[in-house]
Amino acid sequence: MSSDVQSTEPKQWRARIPHVPFWAQILAGLVCGVLLGWLARSGDVSWLGTGLAKIGETFVQLLKLAVAPLVFFAIVISITNLRKVSNAARLASRTLLWFMITSLIAVAIGLTIALLTNPGAGTGLTANDGAEPESAGSWLDFLTGIVPTDVVTPFTELNVLQIVFMAAVVGVAALKLGPKAEPLLEIGESVLSLLQKALWWVIRLAPIGSLGLIGTAIKDYGWDLIGQYATFTADVYVGCALVIFGVYPMLLAFAAKVNPVQFFRGAWPAIQLAFVSRSSVGTMPLTQKVTERLGVPKEYTSFAVPFGATTKMDGCASIYPAIAAVFVAQIFGMDLGVGDYLLIVFVSVVGSAATAGLTGATVMLTLTLSTLGLPLAGVGLLLAVDPILDMMRTATNVAGQSAATVIVAAREGILDRDAYDRAVSVDLEAFDLEPDAVRTAA
């Protein structure tokens, strides 16, 4: 009888909410941001424009909030983790070497594209359209600004270079202390895990943040800039695309002898997040996870990825300043010679450490322009399209950080090639796991 009663009871209906992949959420955020930004500009809807600006600013501010302590503890732990790796000095030097090699190739591509397309010709822009930035980078500031005057200011003013310096000193000192430093390192690892978890919550807000950022750009500048900056914008995107989908795959295939398609299947979540967040440092925990998932030992990724997130900038420090320097020189009617082009290469390869892994590449651009003797007012010409460019630049940065790490691991014989070959495309939400669990799931 009980079975009859059960059969006559109405079945309880539950609504099934379909799962939306994270990449689709981000794409929806970008599309909605464009539409809302256009509406705010064309309809002169001030409250909508203000709302978009606040959303974008809050998202970037949340990323910045975690950057200073994250960089410090990541660098300290990454240096001390080298004690677990054989040939640590060799690994560190080879990592730096491959960072420089890929930067050299990237700046060469940027210069070639700029010289072929003349991005500053026929734009209608003049020297009067630019404005000198409030602050500028210089070699003297770069060299003297590495050492902080106190231990608090670098964190309050978010001077990433000084934070890296202090972290490097603490990390090396901890290595020298040996067992006496173990309690401090255990606390540091716990704090780093806590920061990464908190940052993950911010990352989950990326679709909303992208809506505000792209919407503000459209609201402030509209579509009128497309004609003036079309060649320049296309040059940056084409240059970055050539590096991401041309240079890195070739190096992976011939230098690391691995399948480039597998690399993109494994690393795509980090590249995707970098495009939206416009922050190499903000993407750093995810970059490390996908690189581990591609078979690189955790002991090495915990050094190479944080190091790359603060110094490895093929998009912001190589392709972009090379094209921008040619663009500014053409706007101001100044001719560049072979010596100037060599200076651009030098600044891009050596000076990228001056570029913080945050949104924007103004420091690197001002450093390049000042080295060449070009007017810093040229920076003001490019601020209008900077948010659009920064997405592709940051994606290039993060792709390069992962690719160089895989290349070094493969050439040094520490890459787990079976894990690399098993790497599959996973939605970004699947990375809300412990690193070991993610790697096992792959």
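Predicted model: local features only at pLDDT ≥ 70, side-chain atom pairs only at ≥ 80, totals over all residues.

Trainee: OK. So where does Lys-257 fall, buried or exposed?

Mentor: Lys-257 has 64% relative accessibility, so it counts as exposed, because that is over the 50% cut-off.

Trainee: What about Asn-118, what's its phi?

Mentor: Also positive, at about 50 degrees, and Asn-118 is not a glycine either. Asn-118 sits in the loop between H4 and helix H5 (139–144). Its relative accessibility is 37%, so it counts as partly exposed.

Trainee: Let's zoom out. How many helices and strands are there?

Mentor: The protein has 20 helices and 0 strands.

Trainee: And how much of it is buried?

Mentor: Of the 442 residues, 52% are buried. As for contacts between residues at least 6 apart in sequence, 84% of them join residues at least 24 apart.

Trainee: Which residues have the most contacts inside the largest nonpolar core?

Mentor: Phe-232, Phe-263 and Leu-382, in a core of 116 residues. Helix H3 (residues 46–81) gives the most to this core, 14 residues in total. There's another core apart from it, with 6 residues, including Met-313, Ala-317 and Val-347.

Trainee: What does Phe-232 touch, leaving out residues up to four places away in sequence?

Mentor: Its partners are Pro-119, Tyr-320, Ile-323, Ala-324, Phe-327, Leu-382 and Leu-389. Leu-382 is itself on that list of residues with the most contacts inside the core.

Trainee: Now helix packing. At what angle do H4 and H13 cross?

Mentor: Roughly 35 degrees, for H4 (residues 88–117) against H13 (residues 298–311), and their axes come within 11 Å. The crossing is right-handed. On the H4 side the contact is made by Leu-91, Ala-92, Thr-95, Leu-96 and Phe-99, while H13 brings residues including Tyr-300, Phe-303 and Phe-307.

Trainee: How many nonpolar, polar and charged residues are in that contact?

Mentor: The contact of H4 with H13 has 8 nonpolar, 3 polar and no charged residues.

Trainee: H4 packs with H15 as well. What's the angle there?

Mentor: About 140 degrees, with the axes of H4 and helix H15 (residues 338–350) 9 Å apart. The H4 and H15 crossing is right-handed. H4 uses Met-100, Ser-103, Leu-104, Val-107, Leu-111 and Leu-115, and H15 answers with Tyr-341, Ile-344, Val-345, Ser-348 and Val-349. By class, the contact of H4 with H15 has 9 nonpolar, 2 polar and no charged residues.

Trainee: Last bit, sequence distance versus space. How far apart are Leu-35 and Ile-214?

Mentor: They're 179 residues apart in sequence and 9.6 Å apart in space, C-alpha to C-alpha. Leu-35 belongs to helix H2 (residues 22–42) and is exposed, at 53% relative accessible area.

Trainee: What about Val-385 and Ala-217, how far apart are their C-alpha atoms?

Mentor: 8.0 Å, for residues 168 apart along the chain. Val-385 sits in the loop between helix H17 (378–382) and helix H18 (386–411), and at 7% relative accessibility it counts as buried.

Methods
Residues numbered from 1 in each chain as written. Heavy atoms only, no water. Core = buried A, V, L, I, M, F, W, Y, C linked by side-chain atoms within 4.5 Å. Buried < 20%, exposed > 50% of the residue type's maximum accessible area, 1.4 Å probe, protein only. Helix = DSSP H or I, 4+ residues; strand = E, 2+ residues; numbered from the N terminus. Contact = heavy atoms within 4.5 Å. Axes fitted to C-alpha atoms, helices over the stretch in contact; angles between N-to-C directions. Left-handed = near helix turned anticlockwise from the far one by under 90°. Nonpolar A, V, L, I, M, F, W, Y, C, P; charged D, E, K, R; others polar.
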